[in-house]
Amino acid sequence: MKREAYGFLKYSLKRGISLIVVVVIAVYITILIANMGGYVDNIIKSEVRFRIGVQVNQNPAYKGLPPREKGKLIEKLYQQEIKRLGLDTPFIFRSYKYLAQALTLDLGRALYLTSDTGSRSVKMIILERLPATMLLFTTVNLILFFISLFAGLYASRKYESKIDKLIVGLSPLSSIPGWFYGIFLIIIFASVLRVLPYGGLVDAPPPTNMLDYAISVLRHMILPILSWLIGYAFIQTYVRRTFFLMFSSEDYVEMARAKGLPPRMIERRYILRPTLPPIMTDFALTLISSWMGAIITERVFNWPGIGTLFYMAANMFDSPVIIGEVVIYAYLLAITVFVLDIVYAIVDPRIRLGIT
């Protein structure tokens, strides 16, 4: 028993250290990419010099200064601002400081973007957008998960039936991403029929009554959810159905049938139970990744979530916001993977034997 506990602790420690190393590497690479290896510094410096030049030239107090004196003043103010921003040291040294700040969730201030309250705190900006993304994509992923699970199980039970053939036949719909169907849904239901909104989170102006506000949000969620269901429900159902069919042909399932066990019991004990761990893993990872927002889907439906924020930050070269989003995603993903590994080690005897 002690040996097994020691092996479990050793396994957990190794998995934890390996995940921490992966997170550190991923965050540092993101810092390098988001800052384009330091090229963003040149963009910021150019903007700072231009802004200071405009301020000095438009200030009546400096109107009588000779051009040479103005140039010296602009240079002096420019150097002060560069020092204040910390851009007076090479990027390679600052990148390690950025890494330490990111790993401790000291995400700093955005360069250009602000929250709805006017704050430039990256935490505030992200936390303001995260609930909208979680609301939409957690909802749609839960719907997709349960539809694909029960429909896949039903299709495997009715192998070669019309329903099964329909699912197989419609699975190629997923070769086109969900946002593409979203464009057509907007044209049909918003532009032509005018029964649903084009996009956004809520009507403008927002309803003051809480019930009306909730109804408005639900109406705005219909089209993006429908676009993902069309794009991904059939392929996920097909994958689950194939998965269940593979397990239903195992020797222990055939033996259970030979013993005369009821089909429902066989399905529950010998097919569903062994397939749930990998299905739950897939679901957990999909859920975590969706919390970072589907960028194109959010842009198509003008959904004010993390995906739209990432798009805006990338367009404006707002590297602190990009790094902040990736850091939060990396932590969520690492924690999810670690928890899943621990759960597997607890419930799966094969992994416990491998540990010891």
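**View 1. Arg 51, at 36% relative accessibility, counts as partly exposed.** The terms rest on relative accessible area: buried means under 20%, exposed over 50%, and partly exposed in between (1.4 Å probe, protein chains only). The model is predicted, so local features need pLDDT of at least 70 and side-chain atom pairs pLDDT 80 or more, while totals for chains, interfaces and linings use all residues. Residues are numbered from 1 along each chain as its sequence is written, and side-chain values use heavy atoms, without hydrogens and water. Arg 51 is the partner of Glu 81 in a salt bridge (a side-chain nitrogen of Lys or Arg within 4 Å of a carboxyl oxygen of Asp or Glu), with the closest N and O atoms 3.8 Å apart. Glu 81 belongs to helix α3 and Arg 51 to helix α2, so this pair ties together parts 30 residues apart in sequence. Helices here are DSSP runs (H or I, at least four residues; strands are E, at least two), numbered from the N terminus.

**View 2. Glu 81 also meets Arg 84 in a salt bridge.** For this pair the N to O distance is 2.6 Å. Glu 81 and Arg 84 are 3 residues apart in helix α3, which means about one helical turn separates them. Glu 81 counts as buried because its relative accessibility is 15%, whereas Arg 84 counts as exposed at 59%. Through shared partners, salt bridges join Arg 51, Glu 81 and Arg 84 into one network.

**View 3. Arg 49 and Glu 75 form a salt bridge.** Their closest N and O atoms are 3.0 Å apart. This pair links distant parts of the chain, with Arg 49 in helix α2 (residues 39–58) and Glu 75 in helix α3 (residues 67–85), 26 residues apart. Arg 49 counts as partly exposed at 37% relative accessibility, and Glu 75 counts as partly exposed at 31%. The structure holds 4 salt bridges. Side chains of opposite charge can pair when their charged atoms come close.

**View 4. Helices α2 and α3 pack at an angle of about 135 degrees.** Their axes are 9 Å apart. Each axis is a line fitted to C-alpha atoms, for helices over the stretch in contact, and angles run from 0 to 180 degrees between N-to-C directions. The two helices, α2 and α3, are therefore oblique to each other. (Under 35 degrees counts as roughly parallel, over 145 as roughly antiparallel, 65 to 115 as roughly perpendicular, and the rest as oblique.) The crossing of α2 and α3 is right-handed. (Right-handed means that the near helix is turned clockwise from the far one by less than a right angle; left-handed means anticlockwise.)

**View 5. Helix α6 (residues 162–170) packs against α8.** The angle between α6 and α8 is about 125 degrees, and their axes are 8 Å apart. That makes α6 oblique to α8. The crossing of α6 and α8 is left-handed. Thr 237 lies in helix α8 and counts as buried, at 4% relative accessibility. Thr 237 is 66 residues from Ser 171 in sequence, but their C-alpha atoms are 8.2 Å apart in space.

**View 6. A nonpolar surface patch includes Leu 193.** The patch is formed by Ile 176, Phe 180, Ile 183, Phe 184, Ile 187, Ile 188, Val 192, Leu 193 and Val 195, which together have about 760 Å² of accessible area. (Patch residues have over 30% relative accessible area and no salt bridge; like charges are joined within 9 Å, and nonpolar side chains, Val, Leu, Ile, Met, Phe, Trp and Tyr, within 5 Å. Areas come from the Shrake-Rupley method with a 1.4 Å probe, and for residues only the protein chains shown count as cover.) Leu 193 sits in the loop between α7 (178–192) and α8 (210–248). Leu 193 is partly exposed because its relative accessible area is 49%.

**View 7. Ala 204 and Pro 205 are joined by a cis peptide bond.** Omega is about -5 degrees at this bond. Pro 205 is part of the loop between α7 and α8.

**View 8. Leu 105 and Phe 317 have positive phi values.** Most residues other than glycine have a negative phi, and most peptide bonds are trans. Phi of Leu 105 is about 60 degrees, and this residue is placed in the loop between α4 (91–103) and α5 (122–157). Leu 105 counts as partly exposed at 36% relative accessibility. Phi of Phe 317 is near 55 degrees, and Phe 317 is found in the loop between α12 (306–315) and α13 (319–347). Phe 317 counts as partly exposed at 32% relative accessibility.
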